[in-house]
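Please examine the sequence and the structure shown below before reading on.

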Amino acid sequence: MLADKKIVFSGVQPSGNLTIGNYLGAIKNFSRFSEDFKTFYCVVDLHAITVRQVPAELRRRTYETLALYMACGLDEKKNTLFVQSHVPAHAELGWILDCYTMFGELSRMTQFKDKSAKNAQNINAGLFTYPSLMAADILLYQTDLVPVGIDQKQHLELARDVAMRFNQVYGDTFTVPEGYISTDTMKIMSLAEPLSKMSKSDSNQNAVVYILDSKDDVLRKFKKAVTDSEACVRYSEDKPGVSNLMTIYRAFTGKTFEEIEREFDGKGYGDFKMAVGEACADGLAPVRDEFARLMADKAHLETVMKAGADEAAYYARKTMSKVRRKIGFVN
Ligand code: TRP
């Protein structure tokens, strides 16, 4: 008998524009998992409505997020790509897990505290129970591995606790997932303040390079990037600006730091920044082209979503019938 592949699940918010930090640090690696794992990548629109959304924008971003992930290399034939609200079992298991998640646990979530401070006029119950819905996303597929950013570590731990608690009461029901936390394997810093991480919500638009930026924008942003006064391309902790540019250049060209230092030996930062901008723009061009092509064909995106949801629902159904039986719901 063929051994079943282990399961990878990750959720992505249908929000905003993704940065080259998201691209190099996470998305580019997502496609690697499909070789060895059964992979589910889900656009989490149910999570998105925990903060107010403009309906037309939410709908557009849902298409865009799917298209962007596909453009970054997630092949819909090798990965199950779908939209959370298309598989109602997420909401259903979310409710059930709410009943196995403690008020105190949810109160300790730092993301809840941050978000409720920022949205003081809309601290809704969904924002509070967000982590049990996330646990449902993960546990529904008997997930083994969850690639997420370090900011999701606490939520992931909660998902593990809830899984173990449920298993304790009812016997083995859920696989207890492991996190695959990408910490600083590929940490891209702000171009304006190279000591802080490049963030998609930075108000200084010159600090952030988005995957879908035009070539002109990319070149302009790198031209303005903060460096230092030494005028020497060298990787060093006390040269955060230059080191960050070298990291980006290395990621897009495959050159080593030594090769880069040699290449720009005796040259000024102007040449260096121009080269980094060119390499980045060239690296992003195929992604941007593919994104445009995908967005021009909504019908195809809908076919992908539909096939993904059907596949996901098949796996979800298996878990749900087990859960219903264990809890004592009448079949
Ligand atoms: N909360 C995650 C984030 O904001 C998104 C998410 C929702 C997720 N469900 C998930 C990530 C399940 C991993 C697994 O980034």
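The model holds 2 cavities of 30 Å³ or more. It is a predicted model, and the values given here were computed from it.

**Cavities**

The volume of the largest cavity is about 50 Å³. Its lining is formed by Val 12, Tyr 41, Cys 42, Val 43, Leu 66, Tyr 69, Leu 74, Leu 81 and Phe 82. Three elements, β2 (37-43), α3 (55-71) and β3 (80-83), contribute at least two residues each to this lining. Strand β2 gives the most, with 3 residues. In terms of class, the lining of the largest cavity comprises 9 nonpolar residues, with no polar and no charged residues.

The second largest cavity contains about 40 Å³ of space. Around the second largest cavity lie Met 109, Gln 111, Phe 112, Lys 115, Leu 127, Tyr 130, Pro 131 and His 155. Two or more residues of this lining are given by each of α6 (110-118) and α7 (125-139). The lining of the second largest cavity divides by class into 5 nonpolar, 2 polar and 1 charged residues.

**Ligand site**

Which residues come nearest to the ligand? Of the 13 residues around the ligand, the nearest are Gly 11, Tyr 130, Met 134, Asp 137 and Gln 152. Tyr 130 is also one of the residues that line the second largest cavity.

| Residue | Protein atom | Ligand atom | Distance |
|---|---|---|---|
| Tyr 130 | side-chain N or O | nitrogen | 2.7 Å |
| Asp 137 | polar side-chain atom | nitrogen | 2.7 Å |
| Gln 152 | polar side-chain atom | nitrogen | 2.9 Å |

On its own, the ligand has 360 Å² of accessible area, and the protein covers 89% of that area. The elements β1 (6-12), α7 and β4 (145-149) each provide at least two residues of the shell around the ligand. Helix α7 gives the most to this shell, with 4 residues. By class, the shell around the ligand has 7 nonpolar, 5 polar and 1 charged residues.

**Second largest pocket**

The second largest pocket has about 350 Å³ of space. Its lining consists of Asp 4, Lys 5, Ile 7, Lys 38, Tyr 141, Gln 142, Thr 175, Tyr 315, Lys 318, Thr 319 and Lys 322. Helix α13 (residues 298-327) supplies the largest share of this lining, 4 residues. The residues that line the second largest pocket divide into 3 nonpolar, 3 polar and 5 charged.

**Overall dimensions**

The chain has 13 helices and 5 strands. Its radius of gyration is 22 Å, close to the 20 Å that the globule rule gives for 331 residues, so the chain is as compact as a globular protein of that length. The C-alpha trace spans about 75 × 45 × 40 Å along its principal axes.

Definitions and conventions: Residues are numbered from 1 along each chain as its sequence is written. This is a predicted model: local features need pLDDT of at least 70, side-chain atom pairs count only at pLDDT 80 or more; totals for chains, interfaces and linings use all residues. Side-chain values use heavy atoms; hydrogens and water are left out. On a 1 Å grid over the protein atoms alone, a cavity is a set of points where a 1.4 Å probe fits but cannot get out, and a pocket is an open set with protein on both sides within 12 Å along at least five of seven lines; lining residues have an atom within 4 Å of a point. Grid points are joined across faces, edges and corners, and a volume is the space filled by probe spheres set on the points. Ala, Val, Leu, Ile, Met, Phe, Trp, Tyr, Cys and Pro count as nonpolar, Asp, Glu, Lys and Arg as charged, and the others, Gly among them, as polar. A residue is near a molecule or strand if one of its heavy atoms lies within 4 Å of it. A polar contact is a pair of N or O atoms within 3.5 Å; within protein, one must be able to donate a hydrogen and the other to accept it, and residues adjacent in sequence count only if both atoms are side-chain atoms. Accessible areas come from the Shrake-Rupley method with a 1.4 Å probe; for residues, only the protein chains shown count as cover. The radius of gyration is taken over C-alpha atoms; the globule rule is 2.2 Å times the number of residues to the power 0.38.
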